Amino acid sequence: MTDNRCPPGQAYVHGRSDRESTRLCDQAMTLEDLLHYDTRYPAGCRVLEAGCGVGAQSIILARNSPDAEITSLDISADSIRRARERAAREGYTNISFRTGDVFHLPFAPGAFDHVFVCFLLEHLSDPVGALGGLLKVLRPRGTLTVIEGDHGSAFFYPRSDEAERAIGCLVEIQRLAGGNALIGRELRHLLNEAGARHVHVSPRMVYVDESRPDLVEGFTRNTFTAMVEGVEQEALALGLIDEVAWRKGIQDLCRTTEPGGTFCYTFFKATGTKTGPDKQRPAKRQIWGDLEENACDQPGF
């Protein structure tokens with residue numbers, strides 16, 4: 001498999017260009033306080049981040065939990081290379097990166113104390129299967145944290161039919177690729193179906209107007225609108241929209257960033273635990289080849 005492709009059911013519709021890498025980093029930095037203020041892992045814990053991409057969220061995890069041991073996994077070797085280079089450049093030593101498939105995890109059962117997933121399930125045709133596999137590598141009483149957006153929650157002013165159609169193109173393209181851009185509203189049910197227990201969902205709404213210039217630039221313009229713009233070729237090629245309507249839709253999304261405009265969007269953060277016997281663990285256990293020390297038992301959300 002080449003670096004820029006995913007197997008069926010794991011299509012990343014946004015591509016893996018330099019521009020997309022920049023968008024992901026902008027998104028992570030802009031939303032850090034909203035999404036991660038309550039994501040902290042205690043010293044000694046082993047954390048698996050599944051679907052780390054270029055490491056935009058990985059850096060936040062490493063910074064917020066400096067004494068946890070974080071393993072970040074992604075199917076794209078190119079993304080892992082970018083993530084590893086960034087972590088090294090910024091001096092984070094409590095995080096390691098590995099290429100791997102979320103549906104065929106290269107880890108032993110119960111290898112991790114906590115699992116973290118952000119913006120991955122929306123790209124998978126079988127999110128319940130992926131979550132079930134992640135629960136297998138989680139120890140009993142370990143925690144699972146999942147964050148996803150929901151493009152159906154995008155509301156803005158001034159109102160624009162063309163802007164709504166442009167967003168709808170992204171939703172449809174993701175559906176055709178086997179994903180679900182409306183998955184945020186489903187997280188509780190997906191985690192329950194996968195076997196997680198004590199599931200709790202916390203909606204996190206971003207509201208943007210001219211009084212919040214950092215969010216105007218970082219979220220509305222550089223995160224959301226840039227994400228919609230990225231599927232222009234596919235939308236036009238599939239006949240989902242004509243070029244005139246597309247251009248007006250993007251223009252109207254940009255209009256929401258100007259004085260008098262507003263934009264809001266909701267993310268969903270779900271947490272759950274793995275049930276089962278919490279027997280006394282041996283002094284050491286094997287993760288994927290090297291013997292590793294035990295991690296802590298405290299929850300990480």
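Me: What does buried mean for the residues of this chain, and what percentage of the 301 residues do buried residues make up?
Reply: Buried means under 20% relative accessible area, exposed over 50% and partly exposed in between, with a 1.4 Å probe and protein chains only. The model is predicted: local features need pLDDT of at least 70, side-chain atom pairs count only at pLDDT 80 or more, and totals for chains, interfaces and linings use all residues. Residues are numbered from 1 along each chain as its sequence is written, and side-chain values use heavy atoms, with hydrogens and water left out. Of the 301 residues in the chain, the buried share is 54%.

Me: How many residues of helix α2 are buried?
Reply: Helices (H or I, at least four residues) and strands (E, at least two) are DSSP runs, numbered from the N terminus. Helix α2 spans residues 56-64 and is largely enclosed by the rest of the structure. Its buried residues are Ala56, Gln57, Ser58, Ile59, Ile60, Leu61, Ala62 and Asn64.

Me: How many helices and strands does the chain have, and what percentage of its contacts with a separation of 6 or more is between residues 24 or more positions apart?
Reply: The secondary structure comes to nine helices and 10 strands. Contact means heavy atoms within 4.5 Å. Among contacts with a separation of 6 or more, residues 24 or more positions apart account for 80%.

Me: Which word describes the orientation of α4 and α6 to each other?
Reply: Axes are lines fitted to C-alpha atoms, for helices over the stretch in contact, and angles run from 0 to 180 degrees between N-to-C directions. Helix α4 (residues 127-136) packs against helix α6 (residues 187-194) at about 55 degrees, with the axes 8 Å apart. Angles under 35 degrees count as roughly parallel, over 145 as roughly antiparallel, 65 to 115 as roughly perpendicular and the rest as oblique. The two helices, α4 and α6, are therefore oblique.

Me: Which residues make the contact of α4 and α6, and how many are nonpolar, polar and charged?
Reply: From α4 come Pro127, Val128, Leu131, Gly132 and Leu135, and from α6 come Leu190, Leu191, Glu193 and Ala194. Ala, Val, Leu, Ile, Met, Phe, Trp, Tyr, Cys and Pro count as nonpolar, Asp, Glu, Lys and Arg as charged, and the others, Gly among them, as polar. By class, the contact has seven nonpolar, one polar and one charged residues.

Me: Is glycine 132 buried or exposed?
Reply: Glycine 132 has its place in helix α4. With a relative accessibility of 19%, glycine 132 counts as buried.

Me: With which side chain does the side chain of serine 202 make a polar contact?
Reply: Serine 202 is found in strand β7 (residues 197-209) and is buried, at a relative accessible area of 17%. Not counting residues up to four places away in sequence, serine 202 touches Phe267, Phe268 and Lys269. A polar contact is a pair of N or O atoms within 3.5 Å; within protein, one must be able to donate a hydrogen and the other to accept it, and residues adjacent in sequence count only if both atoms are side-chain atoms. At 2.7 Å, the partner side chain is that of arginine 204.

Me: What is the phi of phenylalanine 119?
Reply: Most residues other than glycine have a negative phi. Phenylalanine 119 lies in the loop between β4 (112-118) and α4, and counts as buried at 14% relative accessibility. Although it is not a glycine, phenylalanine 119 has a positive phi of about 60 degrees.
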